[in-house]
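Colleague: I'd like to learn how to read a model like this one. Can we go through it together?

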Amino acid sequence: MIDMAFLTDTFSAQGTLGDKLVVLWANFKEARTKRAVYRQTFNELAGLSNRELADLGIARSSIRRLAYESAYLN
């Protein structure tokens, strides 16, 4: 997920087209990395049994939120 503020800043920044492409590529790579962290965290938690989740104090309904926080808020 690419934040619109990043896109606005990227395209309003002064510099050459090459500079803007470098920033755009860096933003893309960062977004791809964060998505991979989200996907891995989600899949690992979703693969646990209800008992294992309970032992960790995690409700199954919290898996998406926890994966999001792991990827995008840290």
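Colleague: Where does arginine 60 lie?

Modeller: Arginine 60 sits in the loop between helix H3 (50-56) and H4. Helices here are DSSP runs of H or I with at least four residues, strands are E runs of at least two, and both are numbered from the N terminus. A word on the source: this is a predicted model, where local features need pLDDT of at least 70 and side-chain atom pairs count only at pLDDT 80 or more, while totals for chains, interfaces and linings use all residues. Residues are numbered from 1 along each chain as its sequence is written, and side-chain values use heavy atoms, with hydrogens and water left out.

Colleague: How many helices and strands does the protein have?

Modeller: Four helices and zero strands, so the pattern along the sequence is written α-α-α-α.

Colleague: What about H2? How many residues does it have?

Modeller: H2 (residues 17-46) has 30 residues. To judge a helix, compare its span with the expected one, 1.5 Å times one less than its number of residues. H2 reaches 43 Å from first C-alpha to last, close to the 44 Å expected. Its buried residues are Asn27, Ala31, Tyr38, Thr41 and Leu45.

Colleague: Why is threonine 41 called buried?

Modeller: Because its relative accessible area is 18%. Threonine 41 touches Ala67 and Ser70, not counting residues up to four places away in sequence. Its side chain also reaches the backbone oxygen of valine 37 at 2.9 Å.

Colleague: At what angle do H2 and H4 pack?

Modeller: For helix pairs, axes are lines fitted to C-alpha atoms over the stretch in contact, and angles run from 0 to 180 degrees between N-to-C directions. H2 and H4 (residues 63-72) pack at about 145°, with axes 8 Å apart. Among the residues that meet there are Tyr38 and Thr41 in H2, and Ala67 and Ser70 in H4.

How values were computed: Buried < 20%, exposed > 50% of the residue type's maximum accessible area, 1.4 Å probe, protein only. Polar contact = N/O pair within 3.5 Å; in protein donor to acceptor, adjacent residues only side chain to side chain. Contact = heavy atoms within 4.5 Å.
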